[in-house]
Amino acid sequence: MKKTLVPATLALAIGAGAAVAEEVRVYNWSDYIDEALLTKFEEETGIKLIYDVFDSNEVLETKLLAGSTGYDVVVPSGTFLQRQITAGVFQPLDFAQLSNAENLWDVIKDRTDKYDPGNQYSINYMWGTTGIGINAEKVAEVLGPDAPVDSLAMLFDPANMEKLKACGVHVLDAPVEVIPAALAYLGEDPDSQDPDVIAKTEEILTAMAPNVLKFHSSEYISALANGDICVAFGWSGDILQARDRADEADNGVTIEYYAPKEGALMWFDQMAIPADAPNPEGAHKFLNFILDAQNMADASNYVYYANGNKASQALLNEDVIGDVAIYPSPEALENLYTTSPYEPKVQRVVTRLWTKVKSGS
């Protein structure tokens, strides 16, 4: 779910002027892979890779439901994947072509089974949590040393947001993430499908919105890293990327990430093959390449997200596998929740509510 935009299309060739017999087209989240892996795939397979990026599930879903995307591999999040499977958007995976699928982690497969029963249509690429990223110095300056940095009160208590507005707050433009968080803060089931329960979030969301500098699903990475904002509600790996960029820049900005104590959303980004993929055989080669333990470790070491590949864990950098913000303890895992796709009539309620929150009317 995550990520600073890179050029819309990244087409990699084995060498200048090299002739390539076939190609594979991949559509993934922006800034979500080590580009060296893309070159490595081409060199190992002789297949030209066309790599395009997006930064919201809604953009991907619109293309998928319209059909004829031209893509061989796409990366929807779990809740979107579930309804897309129901809509017949994907083809079942041929595991005879995925010898590296033995590397998949049972703990994550058990969780993604909720979205893809039997894990027939997808493999996990990355997973993480949605939580609070802060500029530690600025937040302490604005809210004091006892700021509730590990609580959703940072966002949903107007007394906090009115002060944080001065140093800048970004929030994901993702109602399927923010509304469940608001429900968790209210003590309600974050996975509720009841429109009356969902409506309870309107008051705190509309109170929050005027104090939000921007609703966006990728710009907060640079904004946090540069010290332009002091709080972001976003994806764990994005905030950790911001932390590391600030460290590398040595700009005096200290970024910290917190999974809210009221509960944090655990999300999954899944790689799947569209039903009308032009090159499904090449798509399977790409998935099997990603499932290689070293390749998956290289990807996680780059993006600072956990992955669903158990074999990769021995190859992860210590600042990835040893960071509980990336790989939570077994106890912390129990405090994470998952959500289900909204039924169409509930989705309309959610869409109207979110539009009202952002527009202020």
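Is D250 buried or exposed? D250 counts as exposed, because its relative accessibility is 67%; exposed means over 50% relative accessible area, buried under 20%, and partly exposed in between (1.4 Å probe, protein chains only). The model is predicted: local features need pLDDT of at least 70, side-chain atom pairs count only at pLDDT 80 or more, and totals for chains, interfaces and linings use all residues. Residues are numbered from 1 along each chain as its sequence is written, and side-chain values use heavy atoms, with hydrogens and water left out.

View 1. D250 sits in the loop between helix 12 (236-249) and strand 9 (255-258). Helices (H or I, at least four residues) and strands (E, at least two) are DSSP runs, numbered from the N terminus. Look for S68 in the loop between helix 2 and strand 4 (73-74). S68 is exposed, at 66% relative accessible area.

View 2. N57 belongs to helix 2 (residues 57-66). N57 is buried, with 4% relative accessibility. D55 lies in the loop between strand 3 (48-54) and helix 2. D55 is buried too, at 18%.

**View 3. C167 and C230 form a disulfide**. A disulfide is a covalent bond between the sulfur atoms of two cysteines. The cut-off here is a pair of cysteine sulfur atoms within 2.5 Å. In this pair the sulfur atoms are 2.0 Å apart. The link is right-handed, with 60 degrees about the S-S bond. C167 is in the loop between helix 7 (158-164) and strand 6 (169-171), and C230 is in the loop between helix 11 (220-225) and strand 8 (231-235), so the pair ties together parts 63 residues apart in sequence. Both cysteines are buried. A search of the whole structure finds one disulfide.

**View 4. Strand 10 is largely enclosed by the rest of the structure**. Why? Nine of the nine residues of strand 10 (residues 264-272) are buried. In a regular strand the side chains alternate between the two faces of the sheet. On one side of strand 10 are A264, M266, F268, Q270 and A272; on the other are L265, W267, D269 and M271. Strand 5 (residues 122-135) pairs with strand 10 in the antiparallel sense, over eight bridges. Two strands pair if DSSP finds at least two bridges between them. Strand 11 (residues 336-337) runs parallel to strand 10, joined by two bridges. L265 has T130 as a bridge partner, and Y337 as a partner in strand 11.
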